[in-house]
Structures are given as C-alpha cells and as structure tokens.
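Me: I have a structure open and want to go through it piece by piece. Can you take some questions?

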Amino acid sequence: MKISYYPGCSLEGTASDYEASIRTVCAALDIELVDLPDWNCCGATAAHSINHKAAIELAGRNVAIAEKQEMDMMVPCPLCFNRLKTAEKVLTGPEKNNYRYKLSGDRIKILNIADFLADKKILKQIHSKVVTPLTPLKAVCYYGCQSSRPPKITGARDYENPMSMDRILKTLGANPIQWSFKTDCCGASHILPLQDVAFTMIEKLYKGAVEAKADCFVVFCQMCQLNLDAYQARINLKLGTNYYLPVLYITELIGMAMGLTEYDNWFGRHFVDPVRMLRDCGLA
Amino acid sequence: MKHIDPTCLKPSSALAKSLFDATGISVSDCFQCRKCTNGCPATFAMDIFPDQIIRLVQLGLEERVLNCSTIWICSACETCTTRCPNEIDIAGVMDFLKERAVNAGIKLPQSRTYAFHRSFLNDIRHRGRIFEGRLMMDYMIRSGELTRKLWQNDMLPDMGMGWNMLKKGRMPLLPKGIKDKQEIKKILS
C-alpha cells in the first residue's frame, strides 16, 4: 500500500533514529511512504503561541499539498499531527476565508503513526512477521499530549486512555503494563527555556513508570523521547535519583520483533542504552 | 494570587469580547468548577491558576493576565481544553493572551520562552524548515543564555549534549530547506 508521509523537521535531525526505524519497518511491511512534496515546518508551539495566523497557514500549506496528492497522510510527530489537524479544521470552518489556503476537508485523512500502525489489517501483517516475540518486555506505553488532545481536533475516542501502542505491543507478544500517566505532559519545549519546570514534569513520569514496575517507556513522539531519554542523566544528577529507563520507539520494537537487524543501529543512537535492559530480560 | 479589593473592581467585558471576536472562545460559559486547574500538570510553576485566568478575563482585568507567568508556563498540553465541561478552549485562551501580551509590548516575565518562540519562527522564515543546530545557537544568543552560561562557566552540559548528538548522527551539519521559500516569507511577513 501507498501512503503520503509528512516526516516533520526533527526527524531530519535529532530524531534520525526514529526516522530510520519508520522507513525500514514500513518497507518490511510493504508500505510505500511517499514524502509530501516540498513540505514545510508545521509551525509547532512557537507559531500557535505568538502568531495564530501563521500557525494555521504554515500547517495549512502542507494539508493543501496533501489534498492535491489525493492520498491519506501519515504523520509520525504528534505535534505536527495536531497542528495539521488544527489547520484542517480551521480552514474548513467558519473562519476559513481569513487565510491564504483553501481546503476541501474531505479528500484525505490525516493519521498519526500509532493509529495507522494499529489498524487491524496492518496489525495482522505485523503479527505474521513476528519472529522474536517480545514476551519478557516490561514496558509502559507513553503517548504524551498531542496525538490525543483535544479530541475535537485529533478525532481520538480513547483520549484519556489511548490503546493504539498497547495493541501493537500485544501483537508483538508483549504485555504492556497499564498505568495512569499515558497522556501526562513531558514539558515539551520547556526543556530549553524552563528546564526546571520540564525536569519536574519528566521526573513525575519516571516515578510513575517505576511504581508501575516497568523497565522502559515505549513512545511514538520524538519530543517525549528526547526529553525522557537525552535528559535522564542530567535529571538523575540534579535530583539525586538513579533512574535507568530506556525510551524506545514503537517502530524500533516492531523492527526488533520482526527480526530486522538494523535495530542495533537505532538503539545505538539513544542516550540511555536500551541494550542492558533488553539483555536483562533476555531479548538481546 | 495577590488580593484584589472587590470594592475597587471595575469589571469590563472588553477583553472577553476581543477574545470572542478573534477566536470564538466564550469565557462567559465558565462556572468556575476548577476542573482545568485540577488537571493541569504545570500549576506547580504558575503564579495564577488557569481557572483564575478565565475569571480575570471575564472581569476584564487585562493588565493582570497579560503580565502573569502562567500564560508562558502553560505547555499547551490541552488537558484543560479537553476536560472543560463547558467546552471552553482554555489553552486557546492562553495562546490568545500570549500573542496579545507580545503585541502590547509588555515586559514578559518568561522572556526565555518568548526568545525561543522568536528564534523558532525566525528559523522557519529562513528555509521553511527547522535546522535544530542553528535554532539552538540563535536561541542561546537571543535569550542571553550563552552569555550567562559562559559567565557562570556552565556550558559543559550543553556542549556534552551537542557533541553526543553529533557523534550519534543526530545532528546534521547542513540544513535542508524547501523550494518555495517565498511562500513561507509571505506567511511570516
């Protein structure tokens, strides 16, 4: 099958491990990713915070291009997904004439990667290719904010307790632990300007995961991944804690369960080394 | 929150009306159940709680809300917007107030956050996409963090992070841009 693909800026940079795992896993599942031609940044938090009009137009330009492609569009970054969906809603709503772009609104569907991969047909395909079941993995799925909320924009039905990644993990043979912090905020871009605030929010998630007796997080948001992974050592140092919680992308685990050897390379780009945890539970 | 003497209060609907005209958000629907504040993950760092922001907007106490930290502490996680029983887009109110504070030229209490947003939009304006390495440098200079960290000999953690990113192949040396840069310039003009 073919699907339009909007990678988003960080997948070209700090989330190159995520990008590599998405492309490799999709190829192995016979999903052809067609990069959205000449896509631009969705505007992210900066645009919607201080320039509402630009926020709608930056994201809207991408949706307009996607509509011309006439293919459903898959988005790995939950914030990009949220901004594109917001633009779609505004540009087909009562204020649509205030902006540069016109949309029809019903020609394509915009999907976040977890919902896309948790589709029954794709799950079946994944299931048929699992060679290393992840049964011993003790993981919590962490979804973050933007793929679920607000449901009027995202269209999510299980926004207080999302299950898409949990379903994928079950297909891979694991039994994800249910916990209360699936959609709590990681502090997102506060990590640069308001680091103390972000650290407090992140530490709450570490604590929740440890209390749930999990050994790792499974995510599909590269911003959550960066905050939880790259800053773990600094948080331990600052708060005098001793957390060791690798943060894995759901696509990396799909690849691993499917026996794709590239996962070594993806894991090698993390800050908190997942290999020790995987070895301890007999998976590596 | 600092005590407001109710006898001196002159309520005005001007701010609530501007908000409604610009965004369609009606704060008069709020009956102060405080569900927004109870679910907010960032209240520990706020000077005014989200339900109080809504109340102050209802009363038209503009100076108070435009000068508070809360609107910049909000991480736009949308929990309040999702849970409000009266369907008030509270995170949308925060965005409206941020933009209004910037346009009013107010001295912002969280200037680093604003510097980050400025650097971010500036980076988009150049190439249509974010180049994280350059964004970081622009932010460090604009926010004054570079000077502060050099002065306090506190550059090591950031340099370590940058070096690790580079080593792990997560920090490309050259940016990617889009073809139709003119279009982006028009959007961000």
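Predicted model: local features only at pLDDT ≥ 70, side-chain atom pairs only at ≥ 80, totals over all residues.

Me: Where are the bounds of domain 1 and domain 2 in chain A?

Reply: The domain assignment puts domain 1 of chain A at 2-113 and domain 2 at 131-280.

Me: How many residues of domain 1 of chain A are in contact with domain 2 of chain A?

Reply: On the domain 1 side there are 25 residues, in contact with 23 residues of domain 2 of chain A. Helices α1 (16-28) and α4 (78-90) of chain A each supply at least two residues of the domain 1 side. α1(A) gives the most, with 9 residues. By type, the domain 1 side divides into 13 nonpolar, 9 polar and 3 charged residues.

Me: Switching to the sheet. What is the strand order in the open sheet of chain A?

Reply: The order is β5-β6-β7 in chain A, 3 strands with parallel pairing. β5 (139-141) and β7 (247-249) of chain A have a single partner strand each, so one side of each is left without a neighbour in the sheet. On average, neighbouring strands of this sheet are turned by 30° against each other, direction ignored.

Me: What packs on the sheet, touching β6 and β7 of chain A?

Reply: Helix α12 (residues 250-257) of chain A does, and its direction makes about 70° with that of β7(A).

Me: And the pairing, how many bridges between β6(A) and β7(A)?

Reply: Strand β6 (residues 216-219) of chain A pairs with β7(A) over 3 bridges. β5(A) and β6(A) also pair in the parallel sense, over 3 bridges. Val218(A) in β6(A) has Leu248(A) as its bridge partner in β7(A), and Cys141(A) stands opposite Val218(A).

Me: Which way do the β6(A) side chains point, and are they buried or exposed?

Reply: Cys216(A) and Val218(A) point one way, Phe217(A) and Val219(A) the other, and all are buried.

Me: Which residues have the most contacts inside the largest nonpolar core?

Reply: Val75(A), Phe217(A), Val218(A) and Val93(B), in a core of 145 residues. Two of those names, Phe217(A) and Val218(A), belong to the β6(A) residues above.

Me: What does Phe217(A) touch?

Reply: Leaving out residues up to four places away in sequence, Phe217(A) touches Val140(A), Tyr142(A), Ala209(A), Leu228(A), Leu245(A), Val247(A) and Leu248(A).

Me: Leu228(A) is in α10(A). How many residues of that helix are buried?

Reply: In α10 (residues 222-230) of chain A, 9 of the 9 residues are buried, so the helix is largely enclosed by the rest of the structure.

Me: Last topic, chain B. How many of its residues are in contact with chain A?

Reply: 47 residues of chain B are in contact with 46 residues of chain A. Several helices of chain B each supply at least two residues of that side, among them α7 (90-103), α9 (132-143) and α11 (156-167). The largest share comes from α8(B), with 7 residues.

Me: What is the split by type on the chain B side?

Reply: The chain B side divides into 23 nonpolar, 11 polar and 13 charged residues.

Definitions and conventions: Residues numbered from 1 in each chain as written. Chains lettered and ligands numbered in written order. Pairing = 2+ DSSP bridges. Helix = DSSP H or I, 4+ residues; strand = E, 2+ residues; numbered from the N terminus. Axes fitted to C-alpha atoms, helices over the stretch in contact; angles between N-to-C directions. Contact = placed C-beta atoms within 7 Å. Core = buried A, V, L, I, M, F, W, Y, C linked by C-beta atoms within 7 Å. Buried ≥ 20, exposed ≤ 12 C-beta atoms within 10 Å, placed from the backbone. Domains from an automatic or database assignment. Nonpolar A, V, L, I, M, F, W, Y, C, P; charged D, E, K, R; others polar.
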